[in-house]
Amino acid sequence: MARPRRLVILGSTGSIGSQVMEVVRRHPGLFRVVGLAANSRFELLARQMAEFRPGLVCVGQGQARGSIARAAAGLRICLAEGGRGLELAAGMPGADMTVNALVGAAGLLPTMAAIRAGRDVALANKESLVAGGELVMRAAGKSGARIIPIDSEHAALHQCLDGRDPRTVRRLILTASGGPFRGRGRSKLLRVTARHAMKHPTWRMGPKITVDSATLMNKGLEVLEARHLFGVPLERIEVVVHPESVIHSMAEFTDGSVLAQLSSPDMRLPIQYALTWPVRRPSLAKPLNFPEIGKLTFHRPDTATFRCLKLAYLAGGIGGSMPAVMNAANEVAVQAFIEGRIGFLRIPEVIVRTMAAVPRTRAATVGDVMAADARARAAARRLLGRVRP
Ligand code: NAD
Ligand code: MG
């Protein structure tokens with residue numbers, strides 16, 4: 001048997017991170033976990049440390065203390081902290097692949113660190129591509145690092161496009177479940193709370209992406225993610241609502257053929273695809289039962305009600321720093337919604353006003369992107385003080 005693939009897992013205690021662990025356990029001997037990073041659920045992190053004995057663990061700034069510090073000392077694990085620690089873990093010598101399952105634009109610097117170290121990246125953290133996609137792809141081209149998406153739509157497209165001539169691709173069609181509020185008009189969304197938004201019909205995910213799925217911003221972020229991953233211009237990337245979440249996305253070719261990837265909605269499948277690619281192995285996902293599914297349906301997204309999808313196309317069209325600005329404003333607005341400080345329909349309002357307040361600049365370096373991100377966060381927070389709840 002070949003030697004195990006050595007993994008660093010950033011965001012190991014989150015929704016994606018803990019499913020990465022399930023995939024690792026499913027294939028004893030195939031993987032070795034050499035690095036972990038998390039900044040929540042420290043009891044779970046301590047259990048992961050004892051189970052996998054990684055060489056390096058990173059926690060948030062100021063968190064390298066208490067029971068985690070004692071556990072690390074007892075297991076002779078190096079403990080790092082904060083942004084520098086994340087970059088260290090991401091590019092850790094001796095690893096083969098970095099799994100980025102962090103949430104938000106905070107994932108950009110670790111993605112860049114992994115790529116610059118020539119490390120293959122299994123990427124769940126879509127925000128790093130939204131904010132700094134051109135830089136990430138250029139750095140990967142330079143170092144030879146490969147980026148294999150974990151996001152289910154992009155894992156589907158990766159499978160549809162694998163080995164095919166990019167000039168023969170006419171359209172990418174991303175599917176969207178439509179989220180918990182599909183079919184509701186604006187008047188029915190005035191009073192919805194974070195608790196309502198957390199009831200996603202087909203997926204169980206972390207809080208930020210669950211709200212993004214309810215606003216359709218998740219699909220907007222995914223359109224921008226697809227553009228960078230697959231080098232297809234925005235005008236040739238479309239979104240279709242498909243509530244059954246059986247088709248995970250489709251690629252149409254110049255001859256009119258459409259290839260789709262279908263499977264039960266279970267993130268452990270795209271996670272495993274990224275971790276074992278180009279090899280396929282048995283997975284934990286349940287096989288599809290077509291007679292039980294009965295029918296698959298498709299609708300146009302309601303972008304008049306769910307404005308975030310259009311805002312993502314708009315930001316992508318403006319280019320430069322604007323996608324980073326939009327993404328940062330969304331992160332601030334979603335957090336305020338989760339904390340009950342603003343209503344659901346204020347999320348796109350905060351984003352659009354932030355985009356108007358923070359001018360587009362160039363995004364030629366990671367420093368440019370992070371500066372735009374910081375300006376947008378500050379502007380969005382100022383706006384939050386002013387919008388009606
Ligand atoms: P989550 O909130 O459940 O988990 C985030 C993880 O990152 C946690 O372990 C948290 O402790 C860690 N983290 C956050 N800040 C950190 C820091 N400063 N230092 C170290 N660790 C830190 O999020 P999630 O739902 O797992 O999503 C992760 C990413 O994957 C997001 O970009 C999301 O859009 C994407 N994604 C998620 C799903 C899903 O099913 N959950 C599907 C597709 C894509
Ligand atoms: Mg997705």
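Q: Which residues come nearest to ligand 1?
A: T13, N39, S40, E127 and G206 come nearest, out of 21 residues around ligand 1. A residue is near if one of its heavy atoms lies within 4 Å of the molecule.

Q: Is this an experimental or a predicted model?
A: This is a predicted model, where local features need pLDDT of at least 70, side-chain atom pairs count only at pLDDT 80 or more, and totals for chains, interfaces and linings use all residues. Residues are numbered from 1 along each chain as written, chains are lettered from A and ligands numbered from 1 in written order, and side-chain values use heavy atoms, leaving out hydrogens and water.

Q: OK, back to the ligand. What kinds of residues make up the shell?
A: Nine nonpolar, nine polar and three charged. Ala, Val, Leu, Ile, Met, Phe, Trp, Tyr, Cys and Pro count as nonpolar, Asp, Glu, Lys and Arg as charged, and the others, Gly among them, as polar.

Q: Which helices each supply at least two residues of that shell?
A: Helix 1 (15–26) and helix 6 (126–143). Helices are DSSP runs of H or I with at least four residues, strands are runs of E with at least two, and both are numbered from the N terminus.

Q: How far is the side chain of S40 from an oxygen atom of ligand 1?
A: An N or O atom of that S40 side chain is 2.7 Å from the oxygen. A backbone N or O atom of I16 lies 2.9 Å from a ligand oxygen. For a polar backbone atom of G14, the distance to a ligand oxygen is 3.0 Å.

Q: How much of ligand 1 does the protein cover?
A: The cover is 87% of the 830 Å² of accessible area that ligand 1 has on its own. Areas come from the Shrake-Rupley method with a 1.4 Å probe.

Q: New topic. At what angle do helix 9 and helix 14 pack?
A: About 100 degrees, with the axes 10 Å apart. Helix 9 spans residues 207–215 and helix 14 spans 322–338. The two are therefore roughly perpendicular, a label for angles of 65 to 115 degrees.

Q: Where is P278?
A: P278 is in the loop between helix 11 (268–276) and helix 12 (290–293). The peptide bond from W277 to P278 is cis, with omega near 5 degrees.

Conventions
Axes fitted to C-alpha atoms, helices over the stretch in contact; angles between N-to-C directions. Parallel < 35°, antiparallel > 145°, perpendicular 65-115°, else oblique. Polar contact = N/O pair within 3.5 Å; in protein donor to acceptor, adjacent residues only side chain to side chain.
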